[in-house]
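User: I want to learn how to read a structure like this one. Can you take me through it feature by feature?

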Amino acid sequence: MELQTARLLLRRPTAADVDAIFAVHRDPETCIHNPSDALARPEEAEALYQRWDDHWQQYGYGYWVVRHHGSTQHLGFCGIKVMELHGAPVLNLFYRFATSAWGQGFAGEAAAAVTAWASRHLPDLPLIARVRPANVASQRVAIRAGLSRAQHLDTEGYDGFDWIYMAQHANRTANGRDHTPGTRAPEEPP
């Protein structure tokens, strides 16, 4: 499965992408706000790729490799994975790009494409992004992708406190009622 934007091609990772996964995740700058994501050894990149591939096999979607159209150079990675937030299933929007790709709008463009895909194909699952309060660039990406601050969902994350951003389509279930992870409508049983 591939996604395309005006400048970018997003495709499912393969085992051939392990070196790129390692290159992006071993750079201390790319993981400064998420130090538990930093990789120190190539075998850690292989294990990370395997988790990404397992997610694809289980759900039929996941993280994509992001490149320019017609280029073999990896700019970074962007996609979604299933997780829980306050006891409810959600899609977590992920984006991590090589420092050489920063400041050019690639992350926002890729994240907007993934958000649009999730809205069309998985409208019943809320789409969120977990962002560190100090990570202003990541907050801008989430907003550019169509997510807005959902302060009532903020929570402790792996590497510190997470601000939660949520896609607008995620606030509606298929039957049109408001939906927020971890809460239920008054007429719903506990």
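User: Which residues of helix H1 are buried?

Analyst: Some ground rules come first. This is a predicted model, where local features need pLDDT of at least 70 and side-chain atom pairs count only at pLDDT 80 or more, while totals for chains, interfaces and linings use all residues. Residues are numbered from 1 along each chain as its sequence is written, and side-chain values use heavy atoms, with hydrogens and water left out.

Now burial. Buried means under 20% relative accessible area, exposed means over 50%, and partly exposed lies in between (1.4 Å probe, protein chains only). Helices (H or I, at least four residues) and strands (E, at least two) are DSSP runs, numbered from the N terminus. In H1, residues 18-26, the buried ones are Val-18, Ala-20, Ile-21, Phe-22, Val-24 and His-25.

User: What do the buried residues of H1 pack against?

Analyst: Contact means heavy atoms within 4.5 Å. The buried residues of H1 pack against H2, S4 and S5. Take Val-18, which lies in H1. Val-18 counts as buried because its relative accessible area is 11%. Beyond its neighbours within four places in sequence, Val-18 touches Pro-42, Ala-45, Glu-46 and Tyr-49.

User: How many helices and strands does the chain have?

Analyst: Four helices and nine strands. From the N terminus, the order is β-β-α-α-β-β-β-α-β-α-β-β-β. The chain has 190 residues, and 48% of them count as buried. Among contacts with a separation of 6 or more, 60% join residues 24 or more positions apart.

User: How many salt bridges are found in the whole structure?

Analyst: Side chains of opposite charge can pair when their charged atoms come close. The cut-off for a salt bridge is a side-chain nitrogen of Lys or Arg within 4 Å of a carboxyl oxygen of Asp or Glu. The search finds eight.

One of them joins Arg-7 and Glu-109, at 2.7 Å from N to O. This pair links distant parts of the chain, 102 residues apart: Arg-7 is in the loop between S1 (2-4) and S2 (8-11), and Glu-109 is in H3.

User: Are Arg-7 and Glu-109 buried or partly exposed?

Analyst: Arg-7 has a relative accessible area of 31%, so Arg-7 is partly exposed. Glu-109 is at 12%, so Glu-109 is buried. Arg-11 and Asp-17 form another salt bridge, at 2.8 Å from N to O. Both Arg-11 and Asp-17 are buried.

User: What is the volume of the largest pocket?

Analyst: On a 1 Å grid over the protein atoms alone, a pocket is an open set of points where a 1.4 Å probe fits, with protein on both sides within 12 Å along at least five of seven lines; lining residues have an atom within 4 Å of a point. Grid points are joined across faces, edges and corners, and the volume is the space filled by probe spheres set on the points. Here the largest pocket has about 1200 Å³. It is lined by 43 residues, and those closest to its centre are Asn-34, Asp-37, Phe-94, Tyr-95 and Arg-96.

User: Which element gives the most to the lining of the largest pocket?

Analyst: S5 does, with six residues.
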